[in-house]
Amino acid sequence: MRIFKKIIAWLIVAIAIIGILAAIGGIVGSWVVNSRVTAVTVNLLTASQNAITTVNNNVIRVDERLDVTQERINRVDERVMNAGEELSETSLVVTLVSNLIGDEIAPIIGAIRDTTNTIRDTAEAIDQVIQAVDSIPLVSVNKINPEDNVFTQIVDDIDAIETAIEETRADLQTRREDRIEEVVDTVTGRTNEIRGQVSGVQDRLDEANNRLDTAYSNLDQLKITLPRTFLLITLVIDLLFIILAIAFLSLMFHAISYIRDSDQTLREVLA
């Protein structure tokens with residue numbers, strides 16, 4: 001029976017040694033993981049900031065193109081009113097106006113639409129990164145696009161402007177028999193509507209720009225706070241491993257004590 005107890009004691013010593021080595025390995029591994037996770041996270045945040053800068057530049061570019069659009073709408077209005085005074089046939093005015101809208105306004109709105117689609121897709125990708133970061137314990141960061149999704153609204157507004165332009169050109173083709181004054185009034189009325197839509201998009205772009213600036217600053221702050229958070233988590237894990245190692249070390253010492261003096265009682269071994 002005494003031999004059997006010694007065998008059990010030696011098994012306990014072996015298990016304790018394995019436990020101590022595992023705890024030491026866990027401590028070393030936690031620092032390796034901390035280093036890699038910190039590097040990957042900081043690189044990811046930096047890439048997101050670069051993406052935000054790209055989106056911000058595209059937003060500024062769209063805003064500048066919309067300024068040009070406003071100027072071209074004003075030019076169309078001016079030329080339409082001049083044509084109404086100088087041309088004697090409604091069909092000539094209709095053709096002139098349709099060509100002006102098609103050449104002056106439609107192409108730039110088409111280019112803006114492509115850019116805004118890219119902006120929306122990039123913003124959604126950035127939000128996925130932000131959402132992943134937000135799931136980290138002790139971390140809280142707001143997405144660029146909350147429920148209102150301002151970038152999707154911008155895309156929808158641009159689509160609405162394109163639709164309004166096409167409807168204006170189509171409507172003009174049905175007015176070749178109208179009086180010139182009616183055609184001029186129709187065109188200026190529609191261009192005023194489009195002008196208002198363009199202004200609405202620019203207001204949303206200002207809001208988007210503010211959100212991008214805020215997101216950039218938040219990510220910049222996270223590049224400082226996240227490594228500290230990872231360090232804190234690593235220290236807590238290491239503390240747990242140290243406690244575990246101490247427990248195994250104590251178990252090993254008690255088992256060795258029993259092996260040296262197998263006449264001890266259990267209470268004496270644990271004393």
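Start with the lining of the largest cavity in this predicted model: its residues divide into four nonpolar, one polar and one charged. To see them, select Thr116, Ile119, Arg120, Phe151, Ile154 and Leu205, which line the largest cavity. Helix H2 (90–134) and helix H3 (150–173) are the elements that give two or more residues to this lining. Colour H2 if you like, as H2 gives the most, with three residues. How many cavities of 30 Å³ or more does a search of the whole structure find? The search finds one, and the volume of the largest cavity is about 30 Å³.

Next, select Gln49, which you will find in helix H1 (residues 2–86). Is Gln49 buried or exposed? Its relative accessible area is 2%, so Gln49 counts as buried, the cut-off for that being under 20%. Now show what surrounds the residue: leaving aside neighbours within four places in sequence, Gln49 is in contact with Tyr216, Leu219, Asp220 and Lys223.

For the last stop, move to Leu231 in helix H4 (residues 180–260). Leu231 has a relative accessibility of 37%, so this residue counts as partly exposed; that class lies between the 20% and 50% cut-offs. Which residues is Leu231 in contact with, leaving aside its neighbours within four places in sequence? Select Trp31 and Asn34 to see them. Then draw a distance between the C-alpha atoms of Leu231 and Trp31: they are separated by 8.7 Å, although the two residues are 200 residues apart along the chain.

Definitions and conventions. Residues are numbered from 1 along each chain as its sequence is written. This is a predicted model: local features need pLDDT of at least 70, side-chain atom pairs count only at pLDDT 80 or more; totals for chains, interfaces and linings use all residues. Side-chain values use heavy atoms; hydrogens and water are left out. Helices (H or I, at least four residues) and strands (E, at least two) are DSSP runs, numbered from the N terminus. Buried means under 20% relative accessible area, exposed over 50%, partly exposed in between (1.4 Å probe, protein chains only). Contact means heavy atoms within 4.5 Å. On a 1 Å grid over the protein atoms alone, a cavity is a set of points where a 1.4 Å probe fits but cannot get out, and a pocket is an open set with protein on both sides within 12 Å along at least five of seven lines; lining residues have an atom within 4 Å of a point. Grid points are joined across faces, edges and corners, and a volume is the space filled by probe spheres set on the points. Ala, Val, Leu, Ile, Met, Phe, Trp, Tyr, Cys and Pro count as nonpolar, Asp, Glu, Lys and Arg as charged, and the others, Gly among them, as polar.
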